[in-house]
Amino acid sequence: MKYTKAEARKRRHFRVRNKITGTPEKPRLNVFKSNTYFYAQIIDDKNGKTLVASSSLKMGLKNGANIEAAKAVAKDLAEKAKTKKIVDVVFDRGGYLFHGRVKAFAEVAKENGIKF
């Protein structure tokens with residue numbers, strides 16, 4: 001059976017989510033990329049709360065779907081996480097391959113003090 005690109009990503013994300021969860025001590029850092037924007041949030045799955053969120057939409061970036069936008073979102077998210085004293089996270093790439101925008105996001109987040 002042939003899956004569309006979106007269906008295949010959802011299947012991959014489902015497999016990943018069966019293995020990782022966010023706890024209050026080590027929350028989950030989730031990313032989502034659309035054709036126009038890049039989103040990231042830090043989630044405590046145990047309590048069902050989003051602790052910190054950032055997106056290129058909220059930041060008002062002109063082109064919110066490129067690598068530079070992902071880097072800007074990572075820097076913004078890392079600063080917000082520092083104010084909430086969140087350092088260690090579990091990275092959830094959302095079923096996307098670890099390259100391009102996702103890889104750039106992860107590298108900048110690590111540079112700005114988030115450990116995963």
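Let's start with the largest pocket, which holds about 350 Å³ of space. A pocket here is an open set of points on a 1 Å grid over the protein atoms alone, where a 1.4 Å probe fits, with protein on both sides within 12 Å along at least five of seven lines. The volume is the space filled by probe spheres set on the points, which are joined across faces, edges and corners.

A word on the model. It is predicted, so local features need pLDDT of at least 70 and side-chain atom pairs pLDDT 80 or more, while totals for chains, interfaces and linings use all residues. Numbering runs from 1 along each chain as its sequence is written, and side-chain values use heavy atoms, without hydrogens and water.

Who lines the pocket? Helix α1, residues 5-17, gives the most, with five residues.

Now the whole chain. There are four helices and four strands. Both are DSSP runs: helices are H or I, at least four residues, and strands are E, at least two. From the N terminus, the order is α-β-β-β-α-α-β-α. The C-alpha atoms fill a box of roughly 45 × 35 × 20 Å along the principal axes.

Last, a helix pair. The axes of α3 (residues 67-83) and α4 (residues 101-111) come within 8 Å and cross at roughly 30 degrees. Axes are lines fitted to C-alpha atoms over the stretch in contact, with angles from 0 to 180 degrees between N-to-C directions. Which residues meet? On the α3 side they include Ile67, Val73 and Leu77; on the α4 side, Phe105 and Val108 are among them. Contact means heavy atoms within 4.5 Å.

Note on methods. On a 1 Å grid over the protein atoms alone, a cavity is a set of points where a 1.4 Å probe fits but cannot get out, and a pocket is an open set with protein on both sides within 12 Å along at least five of seven lines; lining residues have an atom within 4 Å of a point.
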